[in-house]
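Hi,

Here is the structure I promised to pass on. Have a look at it first, then read my notes below.

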Amino acid sequence: YLFFENKKKIARYFLIYLILISFSLILSSSQLFASYEGLKQSQREGGINPETILSGFPLRTKNLYAFLNPFIIGKASNGSYNSVDWAKNGIYWESTPYIGLLPFLFSIATALYVLKTKQKKIYIYILIVGIVSLTLALGKSAPLHVLFSFPPLSFFRVPARFIIFTQIFLIILAAYGFDTLYKKFPKL
């Protein structure tokens, strides 16, 4: 984003960014070194078998209906969603992408608006990353399942957890859409 907005100051921002990243790595080094030592001794040193990643805890395509209604497939409270074979059927809390009906509708409308007007480039990138994270969350049901063969994705066990990134990016788009609508119709 800074590259597109401030091409003249990119070297300064890049240096500040490197300093911040270095400082954060120094602060988190106690956790990073311990995790690295644990990784060397674990069974996941070379990553997880991609077939295991894609078959365990799936986000099925029918779970995408939960964008509209979180209980459309079943409820965790009465046991109509979960089964005892969680690795095969997924977990309700990880497989439900519900963000609310209004934010979902705002995000869809904003995505169409951003693609049509092409005003703010940052929102096009947010839309692209949101779509990529959704396809990563679908695991074996999506064309990007090949990427789980390579690090760092080969270290993650549950592709369905990528749905959290999709939810975050949809909320950002919904907020931008609401703000745009509010600016055009302030009395609404």
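Which elements do the buried residues of α9 pack against? They pack against α6 (92-95), α7 (101-117) and α8 (121-137). Helices here are DSSP runs of H or I with at least four residues, numbered from the N terminus, and buried means under 20% relative accessible area with a 1.4 Å probe, protein chains only.

Before going on: this is a predicted model, where local features need pLDDT of at least 70, side-chain atom pairs count only at pLDDT 80 or more, and totals for chains, interfaces and linings use all residues. Residues are numbered from 1 along each chain as its sequence is written, and side-chain values use heavy atoms, with hydrogens and water left out.

Back to α9: the buried residues include I163, F169, L173 and Y176.

Now the pockets (open sets of points on a 1 Å grid over the protein atoms alone, where a 1.4 Å probe fits, with protein on both sides within 12 Å along at least five of seven lines; lining residues have an atom within 4 Å of a point). The largest pocket is lined by 13 residues, and I108, I131, L134, T166 and L170 lie nearest its centre. Two or more lining residues come from each of α7, α8 and α9. T166 and L170 are also on the buried list for α9.

The second largest pocket is lined by F106, A109, T110, Y113, G177, T180, L181 and K184. Here α7 and α9 each supply at least two residues of the lining. G177 and T180 are among the buried residues of α9 too.

Cheers

Note on methods: Buried means under 20% relative accessible area, exposed over 50%, partly exposed in between (1.4 Å probe, protein chains only). Contact means heavy atoms within 4.5 Å.
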